[in-house]
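Opened a new page for this chain today. I want to go through its pockets, its strands and its overall shape.

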Amino acid sequence: DRQNIKDRVWERGAGPTFACGTGASGSAALLYKKGLVDAKCKVHLKGGELLIECLEDGRVMMTGPAACVYTAKLCV
């Protein structure tokens, strides 16, 4: 519908990932420009939801949680 987008993320070199704020913002901005969604919409990703707002001056605002999904120890 005009307030919700379901998005799946595939990142080059990594494969499928839980979320991508840049990708979600780009998807919402493109669909808004094409008149398919409202200026403010939710993007539903495997890792959660992001609220994306396309402003009249061309900026895109993203609101949502951030979470650690991986930790590693580098031995040099």
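Pockets are where I start, so terms come before numbers: on a 1 Å grid over the protein atoms alone, a pocket is an open set of points with protein on both sides within 12 Å along at least five of seven lines, the points being ones where a 1.4 Å probe fits, and lining residues have an atom within 4 Å of a point. Grid points are joined across faces, edges and corners, and a volume is the space filled by probe spheres set on the points.

Ground rules next. I'm working with a predicted model, where local features need pLDDT of at least 70, side-chain atom pairs count only at pLDDT 80 or more, and totals for chains, interfaces and linings use all residues. I number residues from 1 along each chain as its sequence is written, and side-chain values use heavy atoms, with hydrogens and water left out.

**Entry 1: second largest pocket.** I get a volume of about 220 Å³ for the second largest pocket. Its lining is Lys6, Asp7, Arg8, Val9, Pro16, Thr17, Phe18, His44, Leu45 and Lys46. Sorted by class, I find four nonpolar, two polar and four charged residues there (Ala, Val, Leu, Ile, Met, Phe, Trp, Tyr, Cys and Pro count as nonpolar, Asp, Glu, Lys and Arg as charged, the others, Gly among them, as polar). Strand 3 (15-17) and strand 4 (40-45) each supply at least two residues of that lining.

**Entry 2: largest pocket.** The largest pocket holds about 310 Å³ of space. I see 16 residues lining the largest pocket, with Ala19, Gly47, Pro65, Ala66 and Ala67 nearest its centre. The lining splits into 10 nonpolar, five polar and one charged. Which strand gives the most to the lining of the largest pocket? Strand 5 does, with three residues.

**Entry 3: strands.** The order from the N terminus is β-β-β-α-β-β-β. For pairing, I require that DSSP finds at least two bridges between two strands. Strand 4 and strand 5 pair in the antiparallel sense over six bridges, and their hairpin has two residues between the strands. Cys41 faces Ile52 of strand 5 in that pairing.

Strand 5 (residues 48-54) is also antiparallel to strand 6 (residues 60-63), over four bridges. Across from Glu53 I find Met61 of strand 6, and across from Cys54, Val60. Five residues sit between the strands of this hairpin, and Gly58 takes a positive phi near 95 degrees.

**Entry 4: overall shape.** The C-alpha trace spans about 50 × 20 × 20 Å along its principal axes. Of the 76 residues, 20% count as buried (under 20% relative accessible area; exposed is over 50%, partly exposed in between, with a 1.4 Å probe and protein chains only).

**Entry 5: Ser27.** I found Ser27 in helix 1 (residues 21-33). Ser27 counts as partly exposed, at 23% relative accessibility. From Ser27 to Lys42 I get 15 residues in sequence and 11 Å in space, C-alpha to C-alpha.
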